[in-house]
Amino acid sequence: MRSNPPLARDPAQEQASPLLKLAALAGLLFLHLPILIIFLYAFNTEETSFTFPPPGLTTRWLGEAFGRSDLWDALGLSLRVAFLATALALILGSLAAAAVYRSTFFGRDAISFLLVLPLALPGIVTGIALRSAIGMLHIPFSFFTIILGHATFCVVVVYNNVLARFRRMGGSLIEASMDLGADGFQTFRHIILPNIATALLAGGILAFALSFDEVIVTTFTAGQQETLPIWIFSQLTRPRERPVTNVVAMLVMAITFVPILIAHRLTQEK
Amino acid sequence: MPNANPPAIRFVDVKRFFGDVHAVDGVSLDIQDGEFFTMLGPSGSGKTTCLRLIAGFERPNAGQILLHGQDVSNLPPYERDVNTVFQDYALFPHMTVGDNIAYGLMIRKVAAEERRQRVEAMLEMVRLPGIANRKPSQLSGGQRQRVALARALINQPRVLLLDEPLGALDLKLRQQMQIELKTIQKRVGITFIFVTHDQEEALTMSDRIAVFNQGKIEQIGTPAEVYEHPATAFVAGFVGVSNLIQGEAARKITGSEAVFSIRPEKIHLAEPETPVPANSFGADGRIREVIYLGINTRYVVELDGGGELMVIQQNLNATSMDVLAARGQRVRLVWDCSHIRALGSAEAGKN
Amino acid sequence: MLRRISTALYLRSWLLLLILLGPPLIWMTVIYLGSLFTLLINSFFHLDEFTGQVVRGFTLQNYFDLFAPANLDIFGRTAGMAAAVTLADTLIAFPLAYYMARFASQRVKSTLYLLVMIPLWSSYLVRVYAWRLILAKEGILSWLFEHLGLGFVLDGLLSLPAIGGPSLAISAIGMFLVFCYVWLPYMILPIQTALERVPRSLLEASADLGARPGYTFRRVILPLAFPGVVAGSIFTFSLTLGDFIIPASMGNSSYFIGQAVISIQGTSGNIPLAAAFTVGPIVIMIVYLLLAKRLGAFDAL
């Protein structure tokens with residue numbers, strides 16, 4: 001709307017009141033300070049307590065954490081689950097986005113609703129629903145049942161990203177390609193894929209992050225397996241390994257930070 | 001006219017529906033090789049749909065479409081020897097200008113060196129030398145339009161389709177591009193099919209014009225035919241200014257109540273008591289409105305016998321002060337009998 | 001050849017649609033809707049006390065059991081917490097969202113947006129864990145209170161019935177803080193989106209007609225931001241309703257819905273009862289979603 005600029009600031013206009021700035025800053029700090037605390041505690045010398053200020057700083061817990069085989073197993077499982085779930089979500093999400101974009105069909109809006117439902121309904125609903133269904137079919141809970149659950153709620157993340165990119169791309173590019181002699185497959189390879197590549201990447205990264213961190217549905221769909229979040233959760237309820245947990249927490253935060261940044265950049269408007 | 005070769009394009013009673021909407025409602029036409037053929041009409045008249053039917057982006061619900069004698073109903077766009085210049089240019093944003101233009105050649109596996117040479121030749125032809133390495137986002141609207149043209153022409157199609165390609169350009173650029181397109185078409189010698197809603201553009205560039213209205217063709221003819229001899233009131237109104245007189249008002253002037261139209265530039269403004277020459281019609285009235293347009297002036301004249309006529313006169317000697325003073329004065333309109341057109345359709349035309 | 005396949009698909013666009021839509025649709029319908037359906041069915045079965053097996057006969061017993069006082073307690077406790085968290089998050093989120101929408105320049109806004117997104121996408125568990133560190137008896141918050149001489153305030157809070165506890169880390173107050181923290185980004189973003197859509201001309205018109213900034217805020221901006229608030233509240237409410245992690249890490253013995261569901265299906269294998277329990281939040285959320293739709297929240301998503 002040219003004549004109705006949005007609420008954003010006109011440089012000539014008023015500045016925010018200092019009170020507002022303070023309140024906004026407070027909110028922002030509230031969001032981020034706890035994360036910084038983690039980093040502090042990962043280097044705490046004191047083994048059993050959470051005392052503040054920490055009596056001393058050491059890097060010895062890093063070494064211990066790296067020596068723990070159960071930790072590596074949990075990490076490995078989480079990574080494998082995330083990779084497979086993301087791969088599935090990429091395929092299913094892109095297919096759904098392509099279908100919704102190119103055709104209008106009966107129930108089209110329902111598809112978007114259906115895909116978002118696993119994320120919109122509370123995790124325990126998805127979790128226990130899957131558990132009861134899997135149990136009813138007497139399927140053993142395993143690596144594959146975990147992936148079943150993860151892929152289901154990761155699809156919508158890819159779907160949204162790819163669909164938004166399709167819409168920005170516009171249909172005339174595909175028509176132009178075909179007009180110039182390229183069939184469907186060639187058009188996909190030369191035109192469609194390059195244009196949605198970054199959306200796929202962003203969606204994939206976000207799906208990976210979602211799966212890597214998920215604990216609620218995983219609790220319901222896992223057998224004896226322990227993913228990293230499940231490991232952390234067990235530490236939350238029966239804390240035995242505080243210093244190592246601190247290290248793990250810090251590393252997880254640090255590792256997920258970079259991909260989020262990348263995904264954000266990829267989805268920026270040019 | 002007898003012609004041994006099949007026409008470049010032939011439509012046989014083609015229909016295309018979208019649900020209840022009859023976008024194309026029984027269209028038949030022939031387009032000859034080497035013609036600059038324009039499909040003219042308002043939005044929603046079916047002209048763009050017809051273009052898309054030729055390109056292959058739509059398939060007809062009924063009727064036949066033949067390209068050089070071959071039925072193409074089941075041919076996808078990439079199998080047709082037709083290329084399109086899109087309204088939004090549709091340049092591939094992730095490729096350079098050079099790669100965009102060479103796209104069709106690349107698909108057909110033409111060697112890289114030959115591609116490069118042909119791209120350069122193309123860029124010369126559309127008068128954009130040396131920009132092969134730029135990206136589309138770095139180009140202006142006019143430049144993009146020419147790149148789109150180059151991209152289509154490099155494949156040497158037998159027919160080129162242009163979907164309102166000049167719509168986004170400003171007036172001066174548009175007029176310049178009209179001349180350039182016409183020049184290129186003469187040089188390359190292939191059939192151009194041009195879609196537009198701008199009747200001036202159609203008159204400027206075309207060998208023949210098809211006037212579309214609500215999914216049907218109202219008239220096909222050369223620009224002169226369509227302008228001087230409109231077949232229906234719609235054509236009279238859409239191409240040029242519509243001056244329609246019918247009923248009682250018509251009877252007072254021509255002696256018949258049938259609808260007739262007269263082009264505004266064919267009417268002379270004369271003093272109120274001027275004698276009407278033989279083979280001419282006359283009508284008295286009062287100048288209701290004067291619109292000064294620089295090159296010419298439009299007068300809206302209220303006729304004593306009923307109705308209104310618009311008259312256009314070049315400002316050869318008069319200044320704006322002079323012409324504007326004419327408002328409210330009484331005047332006698334005179335025109336040659338041969339210049340009026342009786343019309344088939346009784347509906348009032350639209351401007 | 002590939003080209004022939006492409007042409008065949010081009011001419012039969014319904015086939016292409018089937019290929020594209022089929023796999024995701026089948027997956028979601030069979031796996032997800034199918035599971036939800038079995039959940040619903042299960043809620044009508046019951047667990048035989050003696051054999052410990054699920055008996056597949058229709059009964060409404062589970063739903064009657066939901067109304068037992070202990071269970072109603074659980075629902076009430078969870079819903080109450082969800083409401084409190086929603087309210088608090090609205091208050092905390094609003095200034096930041098308002099600043100982002102109204103006063104931040106393009107660059108600052110982009111950075112702020114990123115800063116809000118990062119906690120959202122980084123590990124939920126780690127963030128909960130961080131608060132355990134902060135709230136622990138020897139942790140930062142206690143230390144802060146002590147140093148400011150406000151130790152007695154903390155003790156007073158903790159001795160309050162129902163919401164107090166042995167330490168902040170094991171109390172309803174603590175849970176409340178953590179809930180507010182983890183869902184905060186979900187509230188900031190929709191509010192910011194809604195506020196961004198308020199055309200500046202409305203504010204100018206209001207000022208032009210003589211309203212002072214406070215009045216304009218109350219009568220023009222707030223009502224237009226409301227759908228965003230409702231949209232955000234969907235998340236905060238729904239997420240709190242179903243969560244068991246935070247109550248498990250920080251709660252005492254009184255259960256929240258999530259924990260109840262886990263324990264019911266885990267220890268006693270009473271899936272039917274757990275299913276019925278879960279239907280509770282589903283129903284609550286559906287009602288909430290319908291209400292929110294009325295209030296225009298879906299446009300702000």
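In chain B, B:Val211 stands opposite B:Gln219 of strand β10(B). The model is a predicted one, in which local features need pLDDT of at least 70 and side-chain atom pairs count only at pLDDT 80 or more, while totals for chains, interfaces and linings use all residues. Residues are numbered from 1 along each chain as its sequence is written, and chains are lettered from A and ligands numbered from 1 in the order in which they are written.

Strand β9 (residues 208–213) and β10 of chain B run antiparallel and are joined by five bridges. Strands here are DSSP runs of E with at least two residues, helices are runs of H or I with at least four, and both are numbered from the N terminus; two strands pair if DSSP finds at least two bridges between them. The open sheet of chain B has six strands, ordered β6-β7-β8-β3-β9-β10, with mixed pairing.

Chain B is divided into domain 1 (9–238) and domain 2 (244–342), with bounds from an automatic or database domain assignment. Their C-alpha centres lie 39 Å apart. Each domain of chain B gives four residues to the contact between them, where contact means C-beta atoms, placed from the backbone, within 7 Å.

Turning to chains C and A, their contact takes 83 residues from chain C and 73 residues from chain A. On the chain C side, helix α2 (residues 13–42) supplies the largest share, 15 residues.

Key:
Contact = placed C-beta atoms within 7 Å.
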